[in-house]
Amino acid sequence: MAQGQIYKIHSDFYYVQKDNQTFECKIREVLKKQQIKIVVGDFVEFDNGAITKILPKKSYILRPAVANVDQVVVVSALKHPDLDFHQLNRYISLAKYYKIPVVLCFNKEDLGLEQEAQDKIISIYGTLGYEIVFTSAIEKKGIKAFKKLLSGKISALCGNSGVGKSSLINALNPNVNLRTKEISEKLNRGTHTTRHCEIIKLDEETAIVDTPGFSNVKFDFLMPQDVDQLFDELAKYSGLCKYGDCLHINEDGCEVLKHLEEIDETRYESYAEFVSEAIEYKEHIKYNGKKRETSQKFKNNKIQAKISDKKRQASRNTRKQLIYKEIDNNENE
């Protein structure tokens, strides 16, 4: 049984790399029945073109769906499209939720980087301990420093469409030659050049995961009182609030609100927006419920597909009908 890593998924085919060789695989039917989430970056066991086992993930992020990365690199454009601090905070907080380190790359320096904007970026995110690099994929500025931050790691690149992720990859390794597109002048945003996640090797020890651009990350999957843990500058005060369930919006005795002048305005606005989304989620599960039946069970130290109650009941009904039919036949003889 061979082991390798999934570097690309296309349609129902999973492309696995092992020792610089590529194998086109399908999934064993038993894994499909277990409904196990299989993503780019997963290490798997495979045999004769069939994936038979998914090995444990050391890290995982739902969107972009990728596993076993060492860090997330959030790529933002300084201009064209304009830098969006709120969207940047979404990506950072999402990686924080999954406990994956973050590197911040601000691209398109060739379009102009005002000192005020640079100072603001460093004062907000440098203070929080994030590695920051300014680049220009077109003029090859900052590429050497960027490559150093990636060296020896598997990094997932994420960011809005049009920020230059594909252009940066081409600058890092010209042999890759990914397709790029111009920004829409009308919409001031990019189009989805990358259609799927794919691991791209820069050298023997370094790889990046190119991901499709997206912007609709929402924090509608966690409780409102947990959002502050995604913001270090809030978390250090949140445990000192008068009430344990304080949301730091308008409550009495809130330590976060007392220190609001120490928190960047865009960061707090993002926090408040995420809390609002989390409240919507809480209300939804309160009135609609979110109980889900698991699709697998453990028996004899093995994972087995679990038959749903609905299907089990249907099977019982069928057996009953057969029994009644047999009884009727015996009575009529």
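The legends below describe close-up views of a predicted model.

**Figure 1. Overview of the chain.** The predicted chain has 333 residues, of which 41% count as buried. Its secondary structure comprises nine helices and 15 strands. When contacts between residues at least 6 apart in sequence are taken, 63% of them connect residues at least 24 apart.

**Figure 2. Packing of helix H2 on helix H8.** Two packed helices are described by the angle between their axes and the distance between the axes. For H2 (residues 85-97) and H8 (residues 265-288), the angle is about 65° and the axes are 9 Å apart. The crossing of this pair is right-handed. On the H2 side, the residues in contact are Phe-85, His-86, Asn-89, Arg-90, Ile-92 and Ser-93. They meet Thr-266, Arg-267, Glu-269, Ser-270, Glu-273, Phe-274 and Glu-277 of H8. Sorted by class, the residues in the contact of H2 with H8 are three nonpolar, five polar and five charged.

**Figure 3. Aromatic pair Tyr-97 and Phe-221.** The whole structure contains 12 aromatic pairs. In one of them, the ring centres of Tyr-97 and Phe-221 are 4.9 Å apart. Their planes stand at 65°, and an angle over 60 degrees counts as edge-to-face, so this pair is edge-to-face. Tyr-97 belongs to helix H2, whereas Phe-221 sits in the loop between strand E13 (207-210) and helix H6 (232-238).

**Figure 4. Aromatic cluster and lysines over rings.** Ring pairs connect Tyr-60, Tyr-97, Tyr-98, Phe-219, Phe-221, Phe-231, Tyr-268, Tyr-271 and Phe-274 into a cluster. Tyr-60, a member of this cluster, has Lys-57 over the face of its ring, at 5.8 Å from the ring centre. Phe-274, also in the cluster, is one of the H8 residues that meet H2.

**Figure 5. Surroundings of helix H5.** Helix H5 (residues 165-172) is mostly covered, with seven of its eight residues buried. These are Lys-165, Ser-166, Leu-168, Ile-169, Asn-170, Ala-171 and Leu-172. The strands that they pack against are E8 (71-77), E9 (102-107), E11 (154-158), E12 (198-201) and E13. Helix H4 (143-150) is also among the elements contacted by the buried residues of H5.

**Figure 6. Leu-157 in strand E11.** Leu-157 is part of strand E11. Its relative accessible area is 1%, and buried means under 20%, so Leu-157 is buried. Leaving out residues up to four places away in sequence, Leu-157 touches Val-73, Val-75, Lys-165, Ile-169, Ile-208, Val-209 and Thr-211. Of these contacts, Lys-165 and Ile-169 are among the buried residues of H5. Cys-105 is 52 residues from Leu-157 along the chain, and the C-alpha atoms of the two are separated by 9.5 Å.

**Figure 7. His-10 in strand E1.** His-10 is located in strand E1 (residues 2-10). The side of the scale on which His-10 falls is partly exposed, with a relative accessible area of 45%. His-10 and His-196 are 186 residues apart in sequence, and their C-alpha atoms are 7.8 Å apart in space.

How values were computed: Residues numbered from 1 in each chain as written. Predicted model: local features only at pLDDT ≥ 70, side-chain atom pairs only at ≥ 80, totals over all residues. Heavy atoms only, no water. Axes fitted to C-alpha atoms, helices over the stretch in contact; angles between N-to-C directions. Helix = DSSP H or I, 4+ residues; strand = E, 2+ residues; numbered from the N terminus. Left-handed = near helix turned anticlockwise from the far one by under 90°. Contact = heavy atoms within 4.5 Å. Nonpolar A, V, L, I, M, F, W, Y, C, P; charged D, E, K, R; others polar. Buried < 20%, exposed > 50% of the residue type's maximum accessible area, 1.4 Å probe, protein only. Phe/Tyr/Trp six-rings, centres within 6.5 Å; stacked < 30°, edge-to-face > 60°. Lys NZ or Arg CZ within 6 Å of the ring centre and 35° of its normal.
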